[in-house]
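Thanks for making the time this morning. I would like to walk you through one model, and I will say how each term is defined as I go.

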Amino acid sequence: DLYNWKNEGVALSVIEGNPSHDIAKGCVIERPKVVFNKKTGKFVMWFHLELRRQGYSAARVGLAVSDKVAGPYEFIRSYRPNAGTFE
């Protein structure tokens, strides 16, 4: 609940010093969803990612994992599902 909420820290940190990394400082990470994967025993975070200085035209799906629901999460990869298709 939002009344008893406490700060658990940053769940997924951006990468400093590497502007070409997908989650470099200046990118946009938003709308995270976290699910538990019973098979791996890990928490999986899916999120919307806009690459640094590219805006929505470079919108991607991001994936990160953690042993704890509050993180910290390790960035795995990002990709653009159905790139170039409009349905």
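Predicted model: local features only at pLDDT ≥ 70, side-chain atom pairs only at ≥ 80, totals over all residues.

Residues are numbered from 1 along each chain as its sequence is written, and side-chain values use heavy atoms, with hydrogens and water left out.

Let me begin with strand S1, residues 28–37, which pairs with S2 in the antiparallel sense over eight bridges. Strands here are DSSP runs of E with at least two residues, numbered from the N terminus, and two of them pair if DSSP finds at least two bridges between them. Asparagine 37 has lysine 42, in S2, as its bridge partner. The hairpin that S1 and S2 make has four residues between the strands, and in it glycine 41 takes a positive phi near 75 degrees.

Now the core, by which I mean a set of buried Ala, Val, Leu, Ile, Met, Phe, Trp, Tyr and Cys residues joined through side-chain atoms within 4.5 Å, where buried is under 20% relative accessible area, exposed is over 50%, and partly exposed lies in between, with a 1.4 Å probe and protein chains only. The largest nonpolar core has 12 residues, among them Leu12, Ile23, Phe47, Leu49 and Phe75. Strand S2, residues 42–50, gives the most to this core, with four residues. If we look at isoleucine 23 and set aside its neighbours within four places in sequence, its contacts, meaning heavy atoms within 4.5 Å, include Leu12, Val14, Ile29, Phe47 and Phe75.

Which salt bridges does the model have? A salt bridge requires a side-chain nitrogen of Lys or Arg within 4 Å of a carboxyl oxygen of Asp or Glu, and by this rule the count comes to three. Lysine 42 meets aspartate 67 at 2.7 Å, N to O, and this pair links distant parts of the chain, since aspartate 67 sits in the loop between strand S3 (59–66) and strand S4 (74–79), 25 residues apart from lysine 42 in strand S2. Lysine 42 is partly exposed at 29%, whereas aspartate 67 is exposed at 55%. Glutamate 30 and arginine 31 have their closest N and O atoms 2.8 Å apart, and lysine 6 meets glutamate 8 at 3.8 Å.
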